[in-house]
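Subject: Structure with two chains, handed over

Hello,

Here is the structure I said I would pass on. Please open it beside this email and follow along.

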Amino acid sequence: MRSRFIFYSLATALLLAVGWGFQPVETKHFFQDWVLWYEPLIGGSVCGLLAALLGVYMLLNRIVFISLAISQGAGLGIFISFFIAGLFGMSLAGSPMALVSGFVFASLTALLFAATRRSVSTTDESLIGLIYCAASGLIVFIGDRISEGRHDIENLLFGSAVAVTGSDLVLLVAATLVIVLLHLLFRREFLYVSADPAFMAIRGHKTKFWMVLLYFTLTLGITVSMRTIGSLPVFALMVVPPWIALNNSRSTRESMILAIFLGAVIPPLGYYFSFLYSFPTGASMIVAALAFVGISLLEKRATGTASLRR
Amino acid sequence: MAEDVLLTLKDLVVGYPGRVLSSSMTLEIPSGARVGIIGANGSGKTTFIKTLLGLIPPLEGSCSWKNETTFGYVPQENQIDPLFPLTVDDLLKMGMMGTLSRFRGTSRAFEEAASRTMAELGMTEGRKRLVRELSGGQRQRALIARALISRPQVLLMDEPFSFLDYVFHHKQRQLFRDWQAKFAFSLFLVEHDLNLVVNQVDWIILLGRNKTLCGRTSEIITTEALSEAYGSNLHIHKEKGEIQIHFL
């Protein structure tokens with residue numbers, strides 16, 4: 001595990017050095033102006049580690065696209081809250097009600113999936129697709145009837161990776177602490193119920209309860225991360241670091257630690273390259289994540305050769 | 001005596017909605033019993049086991065276990081997705097979840113139970129090995145270790161020897177006797193090898209094509225019943241005190 005950790009730390013340093021080599025002046029400005037950047041940087045890093053932690057379960061349960069369905073569910077909740085507020089002539093600008101509504105609808109989406117999964121004769125992918133289609137269709141319908149607050153809705157739905165405020169950070173860190181604590185305490189329940197629910201049920205464990213709690217953490221994590229850095233970077237961070245970590249992994253603990261490490265370093269690297277080359281920040285994060293995919297393929301090739309030599 | 005009854009089947013019918021797999025069964029099985037579940041392919045043996053375990057609801061009737069019965073289960077195939085980087089140690093922890101500390105990786109009780117169970121199954125090393133990298137036989141032993149580590153009162157095994165090597169396969173009858181003597185569990189065994197199963201169980205549930213028979217082995221294992229259930233002519237005779245079944 002230590003060698004993989006060192007390998008990916010060196011790869012991170014190498015990517016920073018490449019940026020510095022090509023853009024020394026901009027790099028100097030980036031580090032000099034840290035006061036302007038530290039809140040979005042910390043926010044991105046926290047979102048990344050949170051998304052990576054949750055993403056490991058998503059990949060293991062083979063439900064990668066559930067995060068998109070949950071995001072759409074959250075979006076539907078936000079649209080519905082603005083629609084109802086509009087009916088009564090109220091404004092939700094600056095109010096936490098829209099976010100609460102988003103979280104409630106995202107939770108309902110996750111609950112619907114958890115309740116129907118394995119009890120209906122369809123695959124998880126089809127079920128996720130159906131939920132995604134239903135939420136997207138309703139968003140378009142309701143969105144057509146909303147006249148005010150479009151800017152606020154977009155802020156809530158897509159976030160602004162460069163405009164993370166102190167209050168955003170407090171909410172994100174609080175939610176992350178709750179989720180990480182739950183995952184530390186119930187790590188075995190989440191893992192073993194995901195791996196073999198039948199055996200765990202036979203042994204007397206409440207498998208439905210643990211799956212619902214796991215989905216609750218997934219929903220909370222997606223809702224708060226989405227409004228901080230946007231849904232596409234969150235999706236990328238839920239997929240790429242866990243995929244790299246699970247590839248070549250020798251234990252679940254190793255996968256979790258490596259995924260969290262990569263999740264935490266990829267968003268700041270994205271900010272860094274976005275600053276150096278004036279790229280959109282979300283897209284830079286995704287490109288930084290993809291750079292690590294390339295590095296992981298090199299790692300796999302190297303370890304494969306080494307094991308053949310042994 | 002009523003307190004000795006481990007499992008009560010009352011007019012139990014198993015299957016899935018639209019697909020009935022057994023006729024009605026009524027039976028009381030005492031604690032400590034060894035029960036063989038036999039039948040042709042597709043007769044519903046695994047469905048029957050899953051119904052007993054509460055994983056599938058009965059189509060009709062009921063099955064009830066004695067209060068606070070604990071179970072160990074060895075599935076027909078490995079149910080764990082190879083994507084999970086689970087080690088043999090993780091499997092053993094799954095079997096002993098309730099006794100593990102939330103804050104520490106292991107405990108003395110777990111370490112002792114794990115070492116003992118691994119030794120009993122002839123697996124002296126390899127607890128750190130990934131389950132997906134084990135051979136079929138090694139994986140089956142690891143699954144048996146997971147079922148046995150918590151010393152359950154009832155052990156249900158669904159064709160547990162299909163991947164095991166010749167030596168282990170033929171040693172298993174003695175192993176079961178040793179384990180039962182040590183751990184005093186009741187055994188429910190699904191097995192295709194009729195000669196292997198009928199000589200080590202005292203109760204039989206025979207899932208036939210038209211009729212389900214259940215009762216004492218000596219009452220159920222007859223040429224007519226087996227021939228009807230398997231749709232083929234079978235011959236039964238005794239050799240050195242053991243039942244021998246041959247397909248004609």
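Below is what was found, taken topic by topic. Please keep in mind that this is a predicted model.

Helix pairs in chain A

Two packed helices are described by the angle between their axes and the distance between the axes.

Take helix 3 (residues 34-60) of chain A and helix 13 (residues 252-277) of chain A. Their axes come within 7 Å and cross at roughly 150°. Angles over 145 degrees count as roughly antiparallel, and helix 3 of chain A and helix 13 of chain A are therefore roughly antiparallel to each other. The crossing of helix 3 of chain A past helix 13 of chain A is right-handed. Their contact has 18 nonpolar residues, six polar residues and no charged residues.

Helix 3 of chain A also packs with helix 11 of chain A: the axes come within 10 Å and cross at roughly 150°. These two helices, helix 3 and helix 11 of chain A, are therefore roughly antiparallel as well. Here the crossing is left-handed. From helix 3 of chain A, the residues that meet helix 11 of chain A include G43(A), G44(A), C47(A) and L50(A). Among the residues they meet in helix 11 of chain A are L214(A), T217(A), L218(A) and G221(A). By class, this contact of helix 3 with helix 11 of chain A has eight nonpolar, six polar and no charged residues.

Helix 4 of chain A passes helix 6 of chain A in a left-handed crossing. On the helix 4 side of chain A, the residues in contact include I66(A), L76(A), F79(A) and F83(A). On the helix 6 side of chain A, they include I128(A), Y132(A), L138(A) and I142(A). The contact of helix 4 with helix 6 of chain A divides into 14 nonpolar, five polar and no charged residues.

One tryptophan in chain A

W210(A) is found in helix 11 (residues 207-229) of chain A. Is W210(A) buried or exposed? W210(A) has 20 other C-beta atoms within 10 Å, so it is buried; a count of 20 or more is what that takes. Leaving out residues up to four places away in sequence, W210(A) touches F186(A), E189(A), F190(A), V193(A) and H205(A). The C-alpha atoms of W210(A) and I139(A) are separated by 30 Å, and the two residues are 71 residues apart along the chain.

Where the chains meet

The contact takes 18 residues from chain A and 19 residues from chain B. On the side of chain A that touches chain B, the elements giving two or more residues are helix 9 (187-195), helix 10 (197-202) and helix 13 of chain A. The largest share, four residues, comes from helix 10 of chain A. That side of chain A divides into nine nonpolar, five polar and four charged residues.

Two helices of chain B

Start with helix 2 of chain B. Eight of its eight residues are buried, so helix 2 of chain B is largely enclosed by the rest of the structure. What covers its buried residues includes helix 9, helix 10 and helix 13 of chain A, together with helix 3 and helix 4 of chain B.

Helix 4 (residues 136-148) of chain B has 13 residues, which should span 18 Å at 1.5 Å a residue; its end C-alpha atoms are 18 Å apart, which agrees. The buried residues of helix 4 of chain B include Q140(B), R141(B), L143(B) and L148(B). They pack against strand 7 (71-74), helix 2 (88-95), helix 3 (108-120) and strand 8 (154-158) of chain B.

Two residues with positive phi

Most residues other than glycine have a negative phi. Phi of S278(A) is near 55°, a positive value in a residue other than glycine. S278(A) lies in the loop between helix 13 and helix 14 (281-309) of chain A. With 9 other C-beta atoms within 10 Å, S278(A) is exposed.

E68(B) has a positive phi of about 55° although it is not a glycine. Its place is the loop between strand 6 (60-65) and strand 7 of chain B. E68(B) is exposed, with 7 other C-beta atoms within 10 Å.

Regards

Conventions: Residues are numbered from 1 along each chain as its sequence is written. Chains are lettered from A and ligands numbered from 1 in the order in which they are written. This is a predicted model: local features need pLDDT of at least 70, side-chain atom pairs count only at pLDDT 80 or more; totals for chains, interfaces and linings use all residues. Axes are lines fitted to C-alpha atoms, for helices over the stretch in contact, and angles run from 0 to 180 degrees between N-to-C directions. Angles under 35 degrees count as roughly parallel, over 145 as roughly antiparallel, 65 to 115 as roughly perpendicular and the rest as oblique. A crossing is left-handed if the near helix is turned anticlockwise from the far one by less than a right angle, and right-handed if clockwise. Ala, Val, Leu, Ile, Met, Phe, Trp, Tyr, Cys and Pro count as nonpolar, Asp, Glu, Lys and Arg as charged, and the others, Gly among them, as polar. The expected span of a helix is 1.5 Å times one less than its number of residues. A residue is buried if 20 or more other C-beta atoms lie within 10 Å of its own, exposed if 12 or fewer, and partly exposed in between; C-beta atoms are placed from the backbone. Two residues are in contact if their C-beta atoms, placed from the backbone, lie within 7 Å.
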